[in-house]
Amino acid sequence: MMDGATLTTATAPWITIIGIGEDGLDGLGTEARAEVAAAELLIGGDRHLAMLPAEDQRPRLAWPSPLKDLRPAIEAARGRRLVVLASGDPFCWGVGTTLARWFGPDALSVHPAPSAASLVCARLGWPLPEVRIITLHGRPLALLDRHLQPGARLVIYTDDGAAPAAIAARLAERGFGASPMVVLECLGGPREAVRRGLAGDWDQRPAADLNTVAVDLVAAPATDWLPTLAGLDDDAFDHDGQLTKREVRAITLARLMPAPGALLWDLGAGNGSVAIEWLRAEPTARAIGIEQRPDRLDRARANALRLGVPGLKLIEGRLPEALAGLPAPDAVFLGGAVAQAGLIDHLVTLLRPGGRLVANAVTLSGEAALIEAEARHGGDLTRIQIARAEPVGPHLGWRAAMPVTQWAWRRV
């Protein structure tokens, strides 16, 4: 079975996951403690395994690196009583999600403990459903940028003791230095400690490696913060002029309809604006951008990093050859090459059922291709005409952009 594939066959639970807090075994309930006591193989991080009594000589397996190497080890141990120790709630950015994907939820018996996010909200009096829970564990700090809107409350899982200072510096750099920030160390254990301050004045002293950061975002009046709604200013992107303009981009994203977990192919990605806005609109969405020019790929990569979506996958290549082997998309945006013979008909066959294809054209040949596509497959044709006020001598006048013909189609 390939890594990442899901075992979907119903089966009796044969892996027990125990969520454990900083209070160790003493904090477990009766049933969870009994499961640990009966285990024949104990699996967990070094920190979790260190919570077991020193005299406990039962077999142990520490998380390997990379984590995917754990899968064959667990499969090989099937038939023994396996207990996996995990931090807090194993399904809140924890290993439970990975094990459920590998072995299916029916294989798991789970005893969660309070997550770090729950403990943070309990300490600060924040409603848990209203916070955004972000993990930077093993992930780039740039992920933070997508969430920087005034009024948002963030609970951030970190890698180590240096992370709070790095987060504070990032917030200050982005115009959120006035944000109250709390660092909660070793939550739920005897070494629990709390540090408070403003992001802009945060001291550089490292925190305990086990820490969670809470931020109540406050923007300076002059901060140009960015919403997650599609239609960012064109100036938000580094580009060479070949850019789907703000208004057209907003209409395009509305037709593409970003959805949880959905995959977009942005074909002729240029500087990445459509794929980036797709990812900003829905944090669990995925996107692959294909572009034949390396300089534009570099811009797209830099734009994605700067706008908080470093997960954008970019491929250099030509169409349709670059599509070979890619996972089937839920949505396709075609911003160029619409007149390429056979390309639209090929894309129509590759979409998942229910998927959407949106193609834009500014040339007569492109428009003709879209009219032909509508006649052959159905869908909607729209003409988009945008004009912006610009100086004309001492006055302002309307300057029209080239009209855009848009074809939107859904596979049913």
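Biologist: How many bridges join strand β8 to β10, and which residue in β10 stands opposite Leu184?
Modeller: Bearing in mind that this is a predicted model, strand β8, residues 180-185, runs antiparallel to β10. The two strands are joined by five bridges, and within this pairing the residue of β10 that stands opposite Leu184 is Thr212.

Biologist: Which residue of β10 is the bridge partner of Val155?
Modeller: Strand β7, which covers residues 153-157, also pairs with β10, in the antiparallel sense and over five bridges. In β10, the bridge partner of Val155 is Ala214.

Biologist: Why is β10 described as largely enclosed by the rest of the structure?
Modeller: A residue counts as buried when its relative accessible area is under 20%. Strand β10 has six residues, and it is largely enclosed because the number of them that are buried is five.

Biologist: Turning to the aromatic rings, why is the pair of Trp14 and Phe103 edge-to-face?
Modeller: The centres of the two rings, Trp14 and Phe103, are 5.4 Å apart, and the pair is one of three aromatic pairs in the count. Planes over 60 degrees apart count as edge-to-face, so what decides the class of Trp14 and Phe103 is the angle between their planes, 75 degrees.

Biologist: How many residues apart are Trp14 and Phe103, and are they buried or exposed?
Modeller: Trp14 belongs to the segment before β1 and Phe103 to helix α4, so that the pair links distant parts of the chain, 89 residues apart. With relative accessible areas of 12% for Trp14 and 3% for Phe103, each of the two counts as buried.

Biologist: What class of aromatic pair do Trp407 and Trp409 form?
Modeller: Both Trp407 and Trp409 are buried, and their rings lie 6.3 Å centre to centre. Planes under 30 degrees apart set the class, and with 25 degrees between the planes the pair of Trp407 and Trp409 is stacked.

Biologist: Which residue has its charged end over the ring of Phe103, and which lies over the face of Trp14?
Modeller: Phe103 and Trp14 form one aromatic cluster together with Trp102. At 5.9 Å from the centre of the Phe103 ring sits the charged end of Arg71, while over the face of Trp14, at 4.3 Å from the ring centre, lies Arg78.

Biologist: Which element supplies the largest share of the lining of the largest pocket?
Modeller: The largest pocket holds about 1,400 Å³ of space and is lined by 50 residues, with Arg47, Ser87, Trp93, Gly94 and Tyr157 nearest its centre. By class, this lining has 21 nonpolar, 20 polar and nine charged residues. Among the elements that each supply at least two residues are β1, β4 and β10, but the largest share, four residues, comes from α4.

Biologist: Which residues lie closest to the centre of the second largest pocket?
Modeller: The second largest pocket has a volume of about 1,100 Å³, and its lining divides into 20 nonpolar, 18 polar and 10 charged residues. Elements that each supply at least two residues of this lining include α7, β11 and α11. Of the 48 residues that line the second largest pocket, the closest to its centre are Gln242, Leu243, Thr244, Gly335 and Gly336.

Definitions and conventions: Residues are numbered from 1 along each chain as its sequence is written. This is a predicted model: local features need pLDDT of at least 70, side-chain atom pairs count only at pLDDT 80 or more; totals for chains, interfaces and linings use all residues. Side-chain values use heavy atoms; hydrogens and water are left out. On a 1 Å grid over the protein atoms alone, a cavity is a set of points where a 1.4 Å probe fits but cannot get out, and a pocket is an open set with protein on both sides within 12 Å along at least five of seven lines; lining residues have an atom within 4 Å of a point. Grid points are joined across faces, edges and corners, and a volume is the space filled by probe spheres set on the points. Ala, Val, Leu, Ile, Met, Phe, Trp, Tyr, Cys and Pro count as nonpolar, Asp, Glu, Lys and Arg as charged, and the others, Gly among them, as polar. Rings of Phe, Tyr and Trp (its six-membered ring) pair if their centres lie within 6.5 Å; planes under 30 degrees apart count as stacked, over 60 as edge-to-face and the rest as tilted. Buried means under 20% relative accessible area, exposed over 50%, partly exposed in between (1.4 Å probe, protein chains only). A charge sits over a ring if NZ of Lys or CZ of Arg is within 6 Å of the ring centre and within 35 degrees of the ring normal. Two strands pair if DSSP finds at least two bridges between them.
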